[in-house]
Amino acid sequence: ADEDDEEEARSSHNIDAVSVEKKTCVSVDEFLLKPSAQSLLNLGQSRVSLFKTELGEESLLDPEKLAAVFCTVSSVVTNDGNTASEVREAVYELTGALLEPCFRSKPDLLATEILVQLGLLKSEAKVKPVDNVYGSLAVLEHYINTNYCPKSVVRTLIAFLSRSHPALDAVADARHSLLQTLFKQ
């Protein structure tokens with residue numbers, strides 16, 4: 001009887017381990033629907049290739065789709081000081097890899113679409129702006145610091161980020177930091 005109880009305990013333990021493992025496996029679609037720092041990390045080291053495969057070549061050059069993905073991924077970087085460096089690095093790596101092709105071919109369109117996603121510019125399409133622009137501003141600052149950014153994009157971003165806007169006023173430090181980076185370009 002003790003052997004049966006032991007076997008049953010091992011068996012149920014294995015089932016629990018498998019179900020826990022399944023819960024931590026996240027797809028790109030699941031992450032995009034409900035982004036979190038943990039789900040981004042759960043995508044593993046192959047997150048860039050997973051995103052590129054899921055989005056497809058066309059979407060990687062579509063400023064509107066890419067801006068939406070950028071803001072979603074960036075949303076896991078929060079202004080509460082609790083975003084782990086591991087999460088920030090994952091966000092920087094992923095957004096850098098996703099933005100690069102479009103920033104090379106359509107930089108002004110991509111910048112415009114990011115401004116639309118942030119709610120700083122109106123669009124003919126019905127776009128729900130992100131709730132908190134902090135992550136996008138912080139990640140955009142990192143991207144601009146580490147990559148070439150055309151002067152036309154810098155001027156556009158400065159023009160819109162310099163204006164008073166409730167979303168920007170709520171994260172004044174992030175806006176100020178990004179503007180400082182833009183003025184150095």
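How many residues of the lining of the largest pocket are nonpolar, how many polar and how many charged? The lining divides into six nonpolar residues, two polar ones and one charged one. The model described here is predicted.

**The chain as a whole**

The chain has 11 helices and zero strands. The chain counts 185 residues, and buried residues make up 40% of them. Take the contacts between residues at least 6 apart in sequence: 66% of these join residues at least 24 apart.

**The largest pocket**

Rolling a probe the size of a water molecule over the atoms shows where empty space is left. The largest pocket has a volume of about 210 Å³. Its lining consists of Leu32, Leu33, Pro35, Lys65, Ala68, Val69, Cys71, Thr72 and Ser75. Two helices, H2 (28-33) and H5 (63-74), each supply at least two residues of this lining. The largest share, five residues, comes from H5.

Cys71, one of the lining residues, has a relative accessible area of 2%; this is under 20%, so Cys71 is buried. The structure holds zero disulfides.

**The nonpolar core**

The largest nonpolar core has 55 residues, and Phe51, Leu137, Leu161 and Leu182 touch the most other members. Helix H6 (residues 85-105) gives the largest share of this core, 10 residues.

Which residues does Phe51 touch, leaving out those up to four places away in sequence? They are Val28, Phe31, Leu32, Leu43, Val69, Val73, Leu94 and Leu98. Among them, Leu32 and Val69 also belong to the lining of the largest pocket.

**Helix H9 and Val154**

Val154 lies in helix H9, which covers residues 151-161. The buried residues of H9 are Val153, Val154, Leu157, Ile158, Phe160 and Leu161. An α-helix has 3.6 residues a turn, so residues three or four places apart point the same way. What covers the buried residues of H9 includes H6, helix H7 (107-117), helix H8 (134-146), helix H10 (166-169) and helix H11 (172-184).

Is Val154 buried or exposed? Val154 is buried, because its relative accessibility of 4% is under 20%. Not counting residues up to four places away in sequence, Val154 touches Cys149, Leu182 and Gln185. One of these, Cys149, is itself buried, with a relative accessible area of 4%. Another, Leu182, is among the residues that touch the most other members of the largest nonpolar core.

**His142 and accessibility**

His142 has its place in helix H8. At a relative accessible area of 27%, His142 lies between the limits of 20% and 50%, so it counts as partly exposed. The table sets the accessibility values side by side.

| Residue | Relative accessible area | Class |
|---|---|---|
| Cys71 | 2% | buried |
| Cys149 | 4% | buried |
| Val154 | 4% | buried |
| His142 | 27% | partly exposed |

**Distances across the sequence**

Val154 and Lys184 are 30 residues apart in sequence, and their C-alpha atoms are 9.8 Å apart in space. For His142 and Arg88 the separation is 54 residues in sequence and 10.0 Å in space, again C-alpha to C-alpha.

Definitions and conventions: Residues are numbered from 1 along each chain as its sequence is written. This is a predicted model: local features need pLDDT of at least 70, side-chain atom pairs count only at pLDDT 80 or more; totals for chains, interfaces and linings use all residues. Side-chain values use heavy atoms; hydrogens and water are left out. On a 1 Å grid over the protein atoms alone, a cavity is a set of points where a 1.4 Å probe fits but cannot get out, and a pocket is an open set with protein on both sides within 12 Å along at least five of seven lines; lining residues have an atom within 4 Å of a point. Grid points are joined across faces, edges and corners, and a volume is the space filled by probe spheres set on the points. Helices (H or I, at least four residues) and strands (E, at least two) are DSSP runs, numbered from the N terminus. Ala, Val, Leu, Ile, Met, Phe, Trp, Tyr, Cys and Pro count as nonpolar, Asp, Glu, Lys and Arg as charged, and the others, Gly among them, as polar. A disulfide is a pair of cysteine sulfur atoms within 2.5 Å. Buried means under 20% relative accessible area, exposed over 50%, partly exposed in between (1.4 Å probe, protein chains only). A nonpolar core is a set of buried Ala, Val, Leu, Ile, Met, Phe, Trp, Tyr and Cys residues joined through side-chain atoms within 4.5 Å. Contact means heavy atoms within 4.5 Å.
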